[in-house]
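Welcome! Please take a moment with the sequence and the structure, and then let us walk through them together.

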Amino acid sequence: MNAPDADVVLAADGLVKRYPGTVALDGMSVTVRRHEILGLVGENGAGKSTLLKSFVGLVRPDHGRLLVRGAPVALRGVQHANALGIAMVYQEQSLVPNLTVAENILLGSEGRSVRGGWYRWKPLFAAAQRHLDRLQIDVDAAARTDTLTFAQRQMVEIAKAMAIEERTQAEPVILLDEPTSVLEAQEVERLFEHVRHLRERASVVFVSHRLDEVLALSDRVHVLRGGRSVAEVNPQQADVAELHSLLVGHASPDSHYHLEQQDDAVPTQRRLVVSGLATTTRTAVSFSAAPGEVVALAGVEGSGREAVARGIFGDAARTVTLTLDGKTVALRNPRRASRHGIGFVPAERRTDGMIAPLSVAENMSLSHVREFCRGPFVDVRAERKAVRRWVDRLGIKTPGLSTPIGALSGGNQQKVTLARWLLSPDLRVLVLDHPTRGLDVGAKSEVYRLIRDLAAQGCTVILIADTLEEAIAMSHRVLVLKDGEIRAEIPAPADHKPAPVDIVRAMV
Amino acid sequence: MTIIPEPDVVRTPAPTAGPRDHSRSRRWTFVDFAPLAALVVLTIGFAIANPRFRTLTNLHNILDTAAVLAVVTVGTTFVLFMGAIDLSMEGIIGTGVMVGAILVANTRNDNNLGLAGMLAILVVGVAFGTLNGVILTKIRIPSLMATLGVSAIGLGIGTMLFAGNPISVTDPILVGLARTRWLGFTAVTYVALGAVIAGWLIQKYTRVGRYAYAIGGAEDVLRLSGVHLSRYKIYVFALAGLFYGLGALLLLAQLGSGVVQAGSGLNFSSIAAAVVGGTLLSGGRGGVLQSTIGVLVLAVLGNGLVLVGVSSYVQNAVLGVAVVVAVAATTWPIRRKLGVVK
């Protein structure tokens, strides 16, 4: 632990980054040493990606220091970070698909292989091939990038990151953000070999949701929670369960879940039957839910829960077939789902959930504007009347019904997007994807109450919760997904809530 | 609690030993050859339908009419690579033609700048193209609107220079471009051929060309790689302007007089040609040679329809249908992924 400072190549010292309504980094301190693989683990919102982004200059911390080889720096951007030998392999693959591998590796720093704007392909291919060969990556530098497999592209990304080696004097620091999320088991093994190989010439920061992978690969692990590093773990002495209990923390059960409102007597009839809903090309899930039941989908990112949520709402590549109140319905698109009384509140409220410049009234009536139409015309008075009713009932704080929804606070925006489905004359299933994301405690509590009310009225709720705790507290039943399949089904009655660790076991 | 037993392996291993191909590999597909196939089918079809179509003179005709469009379309193709659009050809050509007509030997004034006058047309093209790029990147106006505006400016300036009187050009070299024939083809056609080859070389061997292509593929990646995006966007529009300027020069040679409306219809035809050739409007796909095939398809279609007796009014409609069909055909395999189309 007491390594000499000279060994620290990259350090975050008390970084703080605030966004409106959330704190992404809250005094984050992490060190990366020479020739080590540092693992970073944390739940969503723990600050992993903000930390990585501040390491490459994409995010500027409000407070705190960033030290590169002992010297404090204020990174101006990716180029600046690269010049200091820090490069990131992004989670969403960041290669230009219609260029050759060589162009991608040397993008923006082609050096002598482009003279006066003219490409000299041979030296360019040779230079890129040299980078690939040095990492023993079996890819042709002249190949078009979109002819490669995902695994190959991942390797090319690493080669691209390592190419900064030639431009800097010092050994690089390579940041790997979820590099294994799209890889098969043997591809992961191969990637790990490369990363271990890389350690001889570089330092590596490895971020993954897969705790087993982090333990297998890392020399040291930082556990992040709530925007700070809460523990440093020696992988040789820890196991997945231990790591996970550190990850989840000891959150106290909160009263704002309105547990007293959870109805225990869930009817035995089946409102929704999902059978063989594809989560990936090779996996599918089946389950059913009763009227008034809240079913939580738990699982790490990439477990397939988003695919299930969107699938139930008909937002999938293929037509989804469900059984709704005993009737088979084919959902070709979200419109069909909406007609059948299925609603969806997406996770990305700002981009998918609302239309910021439109008014509160227009946003709320968006899905059911037909209800207020006389012929081709919207009966604005009827629309406003209905909207007004829900604004009052949900206590939505807005200066007026014509106020653009973008001007409201996050909690009130979310209530409007929820109310959009409450306007439905026949809401039977409501799918909620992270309905409390980015909300403060008070607003969360109100959303929870709304979910309870809906359930009490017999609406089936499918919930992807922000935290495990929320999933357990709000649901009657937790379905645990992993790798696109349901791995466990855990009942969660109000008087006998399961412990998070039981769910975690099935998740990881 | 029912925990479904977990298999020993963390993840199902790939069924095959080799690396599995998840990617939507970009291999040659039918769509890539469709424009060429369409060209062949149309040519054979018209050749059967009308004997006058299959004469050497008609081949000369087709290529001579296609020449200007081919040059302009090379420029357009680079803009389309980026996923941007350029509707400024008519205006740029309007000014270019008038500037050229006034500066070379003509019937209005005593100017006789010869080659320098012709060079001025190209300068006009580059200047307007640069203006397009600057408006797009600095004032951040979408290319659709920016280039429409620039087109109007170009037509306005052209009209001012026109001043109500057509000007005939008498410069022997310029006029000669459209009259001199080698092997039956006018010099204009050879210039166009040269422009296409130059365009192809630029696409393949220059940073401007490659980056234009890459911007259409994944603009964000370039930005994160530290590429000076706005600079290259301006270069691309300037390059396109150069080709429009050359198009103006050739048009002036063909018409023999300065007419502001010389480029009328080229906005639509050049984008249509590029698209028919397989260049994707969302960028990142296609090429100068493909676009040129598109130009030939349109030229053959236009020529053939006249020969089989379709009125020129109906021709435009047929052209429109051809474009829509071509776009539908090129985007059909990926229509699910296109998402919202605005």
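Predicted model: local features only at pLDDT ≥ 70, side-chain atom pairs only at ≥ 80, totals over all residues.

**Chain B as a whole**

Let us start with chain B, which has 342 residues, 47% of them buried. Its secondary structure consists of 13 helices and five strands. If you take the contacts in chain B between residues at least 6 apart in sequence, 78% of them join residues at least 24 apart.

| Helix pair | Residues | Angle between axes | Axis separation |
|---|---|---|---|
| H4(B) and H5(B) | 115-138 and 143-162 | roughly 145 degrees | within 9 Å |
| H7(B) and H9(B) | 187-205 and 229-255 | about 170 degrees | 11 Å |

Take the pair H4(B) and H5(B), whose axes cross at roughly 145 degrees. The crossing of H4(B) past H5(B) is right-handed. On the H4(B) side, the contact is formed by Phe128(B), Leu131(B), Asn132(B), Ile135(B) and Leu136(B). Facing them from H5(B) are Ser143(B), Ala146(B), Thr147(B), Val150(B) and Gly154(B). Sorted by class, the residues of this contact are six nonpolar and four polar, with no charged ones.

Now turn to H7(B) and H9(B), which pack at an angle of about 170 degrees. Because of that angle, H7(B) is roughly antiparallel to H9(B). H7(B) brings Val188(B), Val191(B) and Ala195(B) to the contact, while H9(B) brings Phe243(B), Leu246(B), Leu250(B), Ala253(B) and Gln254(B). Here the classes are seven nonpolar residues, one polar residue and no charged residues.

**The domains of chain A**

Next comes chain A, which is divided into three parts: domain 1 (5-85 + 168-248), domain 2 (255-341 + 426-507) and domain 3 (355-425). How far apart do the C-alpha centres of domain 1 and domain 2 of chain A lie? The answer is 33 Å. The contact between these two domains takes nine residues from domain 1 of chain A and eleven residues from domain 2 of chain A.

Which helix gives the most to the side of domain 1 of chain A that touches domain 2 of chain A? Look for helix H8 (residues 240-248) of chain A, which supplies four residues. By class, that side of domain 1 of chain A has two nonpolar, six polar and one charged residue.

Definitions and conventions
Residues numbered from 1 in each chain as written. Chains lettered and ligands numbered in written order. Axes fitted to C-alpha atoms, helices over the stretch in contact; angles between N-to-C directions. Helix = DSSP H or I, 4+ residues; strand = E, 2+ residues; numbered from the N terminus. Left-handed = near helix turned anticlockwise from the far one by under 90°. Contact = placed C-beta atoms within 7 Å. Nonpolar A, V, L, I, M, F, W, Y, C, P; charged D, E, K, R; others polar. Buried ≥ 20, exposed ≤ 12 C-beta atoms within 10 Å, placed from the backbone. Parallel < 35°, antiparallel > 145°, perpendicular 65-115°, else oblique. Domains from an automatic or database assignment.
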